[in-house]
Amino acid sequence: MTVEFKNEFTWGNALAANSTQEFHENFEKAVDEAKKELGQTFPIIINGKEIYSEDNFSAYSPSDRRIKIADFPSSTVSDTEDAISSSKKAFEQWSNFSFQKRVEIFRQCADYFASKKFFLAAIMTFENGKNRFEAMGDVDEAIDFMRFYAYQMEINDGFCKRTSHPNPNEKTQTVMKPYGVWGIISPFNFPSAIAIGMTTGALITGNTAILKPASDTPLSSFYFAKYLYSKIPAGVINFVTGSGGTVGRTLIQSKDVDGIAFTGSREVGMKGFQEFTKNTTKPFISEMGGKNPVIVTKNADLDKAANGVMSAAFGYGGQKCSACSRVYVQEEIAEEFIEKLVENTKKIKVGMPWIKDVFLGPIINSDAKSKFENASEIAKKDGHILTGGSVIKTDSLENGYFVEPTIVEKLPEEHKLMREELFLPFLCIQRYRNFDDAVKLANSSEYGLTAGIFSEDQKQLDDFFSKIHSGVVYANRSASATTAALVSSQPFVGWKHSGTTGKGAGGENYLQQFLRTQTQTRCD
């Protein structure tokens with residue numbers, strides 16, 4: 001019997017049930033629990049064994065560098081090769097598990113995560129600086145990925161399909177089969193959702209995997225690997241921490257790795273893709289960022305537009321591939337819209353992300369802080385900063401990487417701040433005259449991940465959906481103009497340089513990327 005998919009949707013359900021107080025009470029308890037977990041030494045996991053090391057690196061909270069999140073091993077080339085070898089050895093046994101058994105295992109893992117979601121979200125607020133709503137959304141998405149991919153396996157009968165043949169003596173079918181060993185290289189910004197989503201995609205389809213988390217955020221995905229490895233054959237999942245230059249490079253250069261799933265910057269992703277496929281054709285599933293536009297027309301509800309743009313630009317400090325970083329506003333209403341947007345932005349509460357009413361926490365690390373300072377200096381010189389532009393140096397926040405949400409206008413359209421993905425709370429505004437010009441400007445980026453529009457004119461909305469060159473597009477979304485796609489409802493897919501496959505995570509076409517088709521014929 002197929003189990004229907006339903007999103008976890010914790011905060012949305014709390015709002016609908018008028019139980020937000022209970023949500024916050026549960027979160028406060030989880031914060032206290034999470035504090036007791038921090039600062040410990042954790043292992044890597046290879047071939048079903050937890051392996052500790054004397055050569056460790058430390059991850060610290062971006063909110064307060066005095067808070068140690070964890071120590072993890074600085075894995076070597078040899079460690080990574082051992083993980084690859086164990087995955088290769090485990091592949092035959094795991095791929096021969098029935099898809100129903102794999103589905104059962106991942107549903108159980110999803111249920112476990114659901115039972116621990118407040119704790120896991122609280123850990124994340126310390127680890128990468130998301131506020132409690134963003135962190136819970138991240139954990140919810142991980143749960144959703146596991147359940148949705150389990151559902152997809154069921155409704156597609158394990159991707160085995162009878163086909164017809166005009167000769168009744170020939171019985172034919174197509175069977176999609178796993179490739180083998182996959183390397184999973186995940187980012188800091190969704191350390192639960194993206195890491196678990198990509199790894200689940202590989203494993204539930206019968207592949208084996210080596211998961212390499214971002215070094216800034218190794219703890220969130222460790223809980224996934226720790227739960228799972230004891231429930232499946234040794235070597236099916238390996239968890240290897242360390243630098244991209246060592247672990248990531250070894251995965252990409254190995255002849256025994258059959259596929260890579262990567263989420264990160266375009267520069268790193270393209271180098272990885274070119275290296276991984278230089279001698280042979282192998283699958284490389286990659287999501288590589290965006291420079292996401294929003295168009296605000298003279299027919300827009302400006303309050304809705306200002307709210308939607310502010311949330312999309314500054315939620316989690318712009319550190320989402322889907323964050324809005326460009327706004328094109330029609331000249332007739334530009335002043336009024338900008339005034340509303342700046343006013344909303346100045347009201348943002350910045351602070352420790354585990355505190356109830358904080359909207360914006362820190363950016364992830366010192367490199368991001370330096371990038372922000374450099375971008376602000378360039379903006380002051382080449383444009384006009386409407387609000388923000390400075391590092392926050394108040395006593396209560398001085399030990400973290402806190403910066404002001406920043407809005408800039410009057411930059412040339414070809415300026416680097418209008419073109420390059422910054423991954424910062426940094427928004428550029430341009431004005432336009434004609435709607436067609438706005439669509440062309442929105443499409444002028446080499447990226448094509450998300451895009452949004454605010455207009456009450458139905459023809460403009462139809463034209464936008466027809467002409468915009470992005471994979472995930474929204475109209476009049478006041479909650480967030482370009483972010484917060486939901487598993488199943490809004491598959492997350494990048495066009496142009498934002499992705500390599502055109503298949504969206506959390507969508508019905510995602511799992512097939514981890515499989516290859518075999519056509520089988522039996523003759524009577």
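Which residue forms a salt bridge with Glu413?

**View 1. The salt bridge of Glu413 in the predicted model**. Glu413 pairs with Arg419, the closest N and O atoms being 3.4 Å apart; a salt bridge is a side-chain nitrogen of Lys or Arg within 4 Å of a carboxyl oxygen of Asp or Glu. Both Glu413 and Arg419 are buried (buried means under 20% relative accessible area, exposed over 50%, partly exposed in between; 1.4 Å probe, protein chains only). The count by this rule comes to 31 salt bridges.

**View 2. The salt bridge between Asp111 and Arg147**. The closest N and O atoms of Asp111 and Arg147 are 2.9 Å apart. The pair links distant parts of the chain, with Asp111 in helix α4 (residues 99-115) and Arg147 in helix α6, 36 residues apart; helices are DSSP runs (H or I, at least four residues), numbered from the N terminus. Asp111 is partly exposed at 44% relative accessibility, whereas Arg147 is buried at 19%. Glu8, Asp111, Lys117 and Arg147 are linked in a network of salt bridges.

**View 3. The salt bridge between Asp303 and Lys340**. Here the closest N and O atoms are 2.9 Å apart. Asp303 lies in helix α11 (residues 302-314) and Lys340 in helix α12 (residues 334-346), 37 residues apart. Asp303 is partly exposed, with 45% relative accessibility, and Lys340 is partly exposed, with a relative accessible area of 24%.

**Note on the model.** Residues are numbered from 1 along each chain as its sequence is written, and side-chain values use heavy atoms, with hydrogens and water left out. In this predicted model, local features need pLDDT of at least 70 and side-chain atom pairs count only at pLDDT 80 or more, while totals for chains, interfaces and linings use all residues.

Definitions and conventions. Helix = DSSP H or I, 4+ residues; strand = E, 2+ residues; numbered from the N terminus.
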